[in-house]
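Student: Could we go through the charged pairs in this one together? I'm new to it, so please take it slowly.

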Amino acid sequence: VATESVTDLSQLRLSMNENGDAFAAWVMTADQTNYDLRVNAFSNNTWATTVVTLSTGLDNWLQPALDINTSGNAVMAWPAFDGTRHVMMASQYDVSTGWGVAEAIETNLGDAKSAQVAMDANGNAFVAWAQSGSPYSIYVNRFDASLGFAATASLIETRERGDASVP
């Protein structure tokens with residue numbers, strides 16, 4: 001359980017499977033400048049005693065999204081500022097090894113935002129998000145439980161006029 005002094009908690013996300021296992025993710029800051037993405041697991045009727053920080057020193061644009069499958073595996077995605085733009089990041093949770101290293105799952109130009117995650121019982125997942133450009137477009141990257149994320153995200157919607165946003 002997180003107990004340190006904070007000035008702001010926001011962007012709370014919850015996901016629970018049919019067995020009652022769950023993850024809670026949130027963004028927190030102590031100085032209104034550097035934001036951390038935190039996550040905690042609920043299993044066997046109790047919350048984990050250790051809160052995991054998946055990303056640190058970020059801005060407040062995080063907007064995390066997560067999903068958990070029947071086995072208790074999960075995928076989380078969020079936009080993170082890389083010094084130039086907001087890149088869509090993701091990490092996978094495996095019940096036997098814990099959270100993996102966060103990785104960029106796209107190399108497009110423009111800011112990524114508004115992630116959504118859907119995961120199946122086999123541990124495969126899709127992450128969808130909106131990406132700024134001229135105009136906003138919708139991209140998807142597939143996580144394969146055996147292979148990880150695809151090397152390239154797929155463009156699934158672009159508008160000739162107006163924006164496609166919030167997948």
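Tutor: Let us begin with E106, which forms a salt bridge with R85, their closest N and O atoms being 3.0 Å apart. A salt bridge here is a side-chain nitrogen of Lys or Arg within 4 Å of a carboxyl oxygen of Asp or Glu.

Student: Which parts does the pair of E106 and R85 tie together?

Tutor: E106 lies in the loop between strand 10 (103-104) and strand 11 (112-119), while R85 lies in the loop between strand 7 (74-81) and strand 8 (86-94), so the pair ties together parts that are 21 residues apart in sequence. Strands are DSSP runs of E with at least two residues, numbered from the N terminus.

Student: And is E106 buried or exposed?

Tutor: E106 counts as buried at 4% relative accessibility, and R85 is buried too, with a relative accessible area of 13%. Buried means under 20% relative accessible area, exposed over 50%, and partly exposed in between (1.4 Å probe, protein chains only).

Student: What kind of model is this, by the way?

Tutor: This is a predicted model, in which local features need pLDDT of at least 70 and side-chain atom pairs count only at pLDDT 80 or more, whereas totals for chains, interfaces and linings use all residues. Residues are numbered from 1 along each chain as its sequence is written, and side-chain values use heavy atoms, with hydrogens and water left out.

Student: How many salt bridges does the structure hold?

Tutor: It holds three salt bridges. One of them joins R38 to D36, with the closest N and O atoms 3.5 Å apart; R38 counts as buried at 10% relative accessibility, and D36 counts as buried at 17%.

Student: What about D144, which residue is its partner?

Tutor: D144 pairs with R142, the closest N and O atoms being 3.3 Å apart, and R142 counts as partly exposed at 35% relative accessibility.

Note on methods:
Helices (H or I, at least four residues) and strands (E, at least two) are DSSP runs, numbered from the N terminus.
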